[in-house]
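Here is a short tour for you, with a helix pair, a ligand site and a few backbone details along the way. Have a look at the fold first, and then read on.

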Amino acid sequence: MRVDGRAMRTLWATPGRDALEVIDQRLLPHRLQVERLADVAAVRDAIRDMVVRGAPLIGASAAYGIALQANADTGDAALREAGAMLKAARPTAVNLAWAVERMLARLRPLPPGQRRDAAWAEAEAIAEEDVAVNAAIGRHGLALLQEMAARKGGAPVNVLTHCNAGWLATVDWGTATAPIYQAHAAGLPLHVWVDETRPRNQGASLTAWELGHEGVPHTVIADNAGGHLMQHGRVDLVIVGCDRVSARGDVCNKIGTYLKALAAHDNGVPFHVAMPCSTLDPSLSDGLAEIPIEERSAREVTHIAGRAASGEVIEVQVVAAGSAAANPAFDVTPARLVSGLITEHGVVAAEEGALRRLGARA
Ligand code: MRU
C-alpha cells in the first residue's frame with residue numbers, strides 16, 4: 001500500500017540477502033522506522049516483542065527467519081532448532097507454524113549445498129503468495145460490499161473492524177481491509193468504524209493510520225461502542241481477520257472479537273471473517289477448547305503509551321497501583337456466529353464440510 005504516496009510493504013529482504021527489513025510496528029502511528037533483522041534470533045525477538053505482528057506477517061517473517069538461518073548453517077539440526085525457536089515466539093496464530101513447516105519441508109530433501117538459495121526463494125514465494133491471496137480476498141469481499149451498497153441505494157456502507165487485519169498485519173493489502181481498499185479504489189462510498197482494540201490499540205494505532213494514508217473515511221471508536229452503533233443501524237457489516245480457524249469454523253481472533261460477533265448476531269448485522277487458507281488449522285475441531293490463547297503481560301493493561309504534547313512518546317499508568325490485571329490476547333467466536341469466511345477461493349460457510357472442501361483445494 002502507500003505511505004505518503006510511496007508504495008511500501010511490511011517486510012523485504014536486503015539485496016545481498018544478508019538481512020530482513022521490517023517496519024517497527026511498536027512505534028506507529030507516531031514514527032515510521034525500519035528495523036534490520038540479521039539472524040534468526042532477531043526475527044524471533046521481533047515476532048515475540050510485536051515489532052511485527054498479525055497472523056500472516058508473523059508467518060512470512062518466520063519464513064525469512066529460516067532463510068537467515070540457512071545463511072549461517074544449512075544442517076538438519078540447525079534448521080530444526082531455528083524452526084522450533086520461531087514457532088515458540090507466539091502461540092496462537094497458526095500461520096507461524098504453517099510457514100515454518102512449509103520452509104522445512106522444502107529444504108529437508110535437498111542436499112545442504114542447495115538449501116540456502118532454496119530457502120530464500122521459498123521465503124520470497126510465501127511473501128508473494130500472501131500478497132496475491134489477500135488481493136483475491138479483496139476481490140471476493142468487494143462483491144459483498146457492492147451487494148450491500150446496492151441495497152443501500154448508494155448511501156455509504158458502514159463497515160466495522162476490530163484490531164488490525166490491515167496491510168500491516170500481512171505483507172500487503174491486509175485481509176479484512178483488502179475488500180475495503182478495493183471498494184474505495186472502485187469509488188464505492190464507504191466508512192469504517194475502527195475499534196481501538198485495547199490493550200495494545202492496534203485499531204487506533206495501526207488500522208486508523210493505514211486507512212488515513214489510503215484516504216478511506218473512518219472513525220475510531222472505543223471498543224465498547226460497537227454494540228450501541230449496531231442497535232442504531234449504523235453498522236452494515238463487520239469484517240475482521242483471524243489468527244486460527246478450526247476445522248468446524250470456530251474463529252480465533254484478537255480479544256473482543258467474540259463480543260462484536262454476539263452484538264452483530266443480536267442485531268442481524270452480517271459478521272464476516274477474512275481468512276487466508278494458511279490460517280485454517282484442520283487439526284483442531286473445537287476452537288474454544290483446543291486453540292491456545294496467548295496470555296500477555298499485565299503491563300499492557302495497566303499502562304498505555306501515547307504521544308505527549310511535547311511530541312515525545314511516553315507510557316503512563318492507567319490502573320491503580322496494586323490492582324491485578326489479566327491480559328488474554330485472543331478469543332474464539334463460535335462458527336454459529338460467523339456469516340461467512342472470505343477466502344482467496346471465495347466466500348464459504350463456517351462449517352466443517354465447506355472447510356474440508358476448501359482445505360482440499362489449498
Ligand atoms: O496480537 P496481534 O496484533 O498479532 O493480533 C492480530 C490480530 O488479531 C489480527 O486480527 C489477525 O492476526 C488477523 S491479521 C490479518
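Axes are lines fitted to C-alpha atoms, for helices over the stretch in contact, and the angles between their N-to-C directions run from 0 to 180 degrees. Please keep in mind that this is a predicted model.

Let us begin with the helices. The axes of H3 (residues 76-87) and H4 (residues 94-107) come within 9 Å and cross at roughly 170°. Angles over 145 degrees count as roughly antiparallel, and H3 and H4 are therefore roughly antiparallel to each other. On the H3 side, the contact is made by Leu79, Gly83, Leu86 and Lys87, while H4 brings in Leu96, Ala97, Val100, Glu101, Leu104 and Leu107. By type, the residues of this contact are seven nonpolar, one polar and two charged.

Now for the ligand. It is surrounded by 19 residues, of which the closest are Arg90, Gln202, Asp243, Asn253 and Lys254.

| Residue | Protein atom | Distance to a ligand oxygen atom |
|---|---|---|
| Arg53 | polar side-chain atom | 2.9 Å |
| Ala55 | backbone N or O atom | 2.9 Å |
| Lys254 | polar side-chain atom | 2.7 Å |

On its own the ligand has 410 Å² of accessible area, and the protein covers 99% of that.

Finally, some backbone details in loops. Leu28 and Pro29 are joined by a cis peptide bond with omega about 10°, and Pro29 sits in the loop between strands E4 (20-23) and E5 (34-37). The bond from Arg198 to Pro199 is also cis, with omega near 10°; Pro199 lies between strand E7 (190-195) and helix H7 (202-214), in the loop there. Asp4, although not a glycine, has a positive phi of about 50°, and the loop between strands E1 (2-3) and E2 (6-7) holds Asp4.

Note on methods: Residues numbered from 1 in each chain as written. Predicted model: local features only at pLDDT ≥ 70, side-chain atom pairs only at ≥ 80, totals over all residues. Heavy atoms only, no water. Helix = DSSP H or I, 4+ residues; strand = E, 2+ residues; numbered from the N terminus. Parallel < 35°, antiparallel > 145°, perpendicular 65-115°, else oblique. Contact = heavy atoms within 4.5 Å. Nonpolar A, V, L, I, M, F, W, Y, C, P; charged D, E, K, R; others polar. Near = heavy atom within 4 Å. Polar contact = N/O pair within 3.5 Å; in protein donor to acceptor, adjacent residues only side chain to side chain. Areas by Shrake-Rupley, 256 points an atom, 1.4 Å probe, with all protein chains shown as cover.
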